[in-house]
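Dear colleague,

I am passing this structure on to you, and below it you will find what was found in it. Please read the notes with the structure open beside them.

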Protein chains: 2
Amino acid sequence: MAATHPPHIVALLYEAYLRLSDVVFQAGKAIDPRIRPAHSAVFFHMEHDGIRLSRLAEKAQMTPQAMGELVDDLEKLGYLRRVPDPADRRAKLIVFTDRGDDALRAGYAAIDDVERRLAVLLGEDGRSSLHAALTRVITDF
Amino acid sequence: MAATHPPHIVALLYEAYLRLSDVVFQAGKAIDPRIRPAHSAVFFHMEHDGIRLSRLAEKAQMTPQAMGELVDDLEKLGYLRRVPDPADRRAKLIVFTDRGDDALRAGYAAIDDVERRLAVLLGEDGRSSLHAALTRVITDF
DNA sequence: CCTCCTTGCTAAGGTAACCTGAATATAATG
DNA sequence: CATTATATTCAGGTTACCTTAGCAAGGAGG
């Protein structure tokens, strides 16, 4: 870990993640400075026809209470609404407003831009090798 | 970000980091469950002949106050001591105790083990290509 | 139908890992 | 020397989670 040691993959993964994610989070901040990185979990796990809080929490691997706070924030900011779930009166469906849809699209545009810049930097072969190696690590390590 | 989109490098980097770092953090927890992941910043940026708090904070890219808390913890746990810096009476040098040295060695052993397992999983060529690609992203993106 | 257990959400309060602002001691500089 | 800068520490705040506990509604068995 000290400077005398060569950089290990674990440390490199973290640094590389910070670099790339910062670009995406800066893009989010440009859309609306009140949106924080934590809110990305909501956008990331959203589903087209609406999603229940409990399912959103499960997908993001956090408690429904924690996810509830993020949803509260984005509801107050006008990015989503909670509507009653017709299939279960205990539940509510979280659906995006037009504003939410726009933000989601902008977020993906930022991610796609990072992907394109990576292909330029590493070559398309290099980018897809990196993709494959990371996928391998996630599934098999 | 949603399930309908293919995984992007940014997301893969984060997941891969979580997998590998978890192995290292579990090893740390086995040494002493009172050591938390945040403390790794101290071990990581330590210097052999002792280091000042302000320099440690700068290397770890956090405020001296935040680093001070981590150092407080590890001092209470007996992993390090603050000794007066002979070169500047305002400053203190943070130096590891024997216990701290042992923990540092154990931490590096865990990281080296991860590195070895990666070489098995990806092949040594694959591991070093991954290393090179990540280094490239960090320096040039 | 009624209990009884489960599920979906929310309210209240706690913790970890950071932060900013301000105080104190010492050093460096004109 | 008086001034300004640096090293640390104290106090208090914020963010992003968590646990505990409560209520409303659904589902299963007798």
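**Contacts with the DNA, then between the chains**

A polar backbone atom of A:Ser54 is 2.6 Å from a phosphate oxygen of DNA strand C, a polar contact being a pair of N or O atoms within 3.5 Å, where within protein one must be able to donate a hydrogen and the other to accept it, and residues adjacent in sequence count only if both atoms are side-chain atoms. This is a predicted model, in which local features need pLDDT of at least 70 and side-chain atom pairs count only at pLDDT 80 or more, while totals for chains, interfaces and linings use all residues. Residues are numbered from 1 along each chain as its sequence is written, chains are lettered from A and ligands numbered from 1 in the order in which they are written, and side-chain values use heavy atoms, with hydrogens and water left out.

To stay with DNA strand C, a polar side-chain atom of B:Thr63 lies 2.9 Å from one of its phosphate oxygens, and a polar side-chain atom of A:Gln65 lies 3.1 Å from a base oxygen. Of the atoms of DNA strand C that come within 4 Å of the protein, 69% belong to sugar and phosphate. H4(B) supplies the largest share of the surface near DNA strand C, with 3 residues (helices are DSSP runs of H or I, at least four residues, numbered from the N terminus).

For DNA strand D, a side-chain N or O atom of A:Thr63 is 3.0 Å from a phosphate oxygen, whereas polar side-chain atoms of B:Arg90 and B:Gln65 lie 2.5 Å and 3.5 Å from a base oxygen. Here the largest share of the nearby surface, 3 residues, comes from H4(A).

Turning to the protein chains, the contact takes 43 residues from chain A and 44 residues from chain B, where contact means heavy atoms within 4.5 Å. The two chains bury about 4,900 Å² between them, 79% of it on carbon and sulfur atoms (the accessible area, with a 1.4 Å probe, that two parts lose on being put together, summed over both). Across this interface there are 8 residue pairs in polar contact, both residues being at pLDDT 80 or more. H5(A) gives the most to the side of chain A that touches chain B, with 19 residues.

With best wishes

Technical notes: Helices (H or I, at least four residues) and strands (E, at least two) are DSSP runs, numbered from the N terminus. A residue is near a molecule or strand if one of its heavy atoms lies within 4 Å of it.
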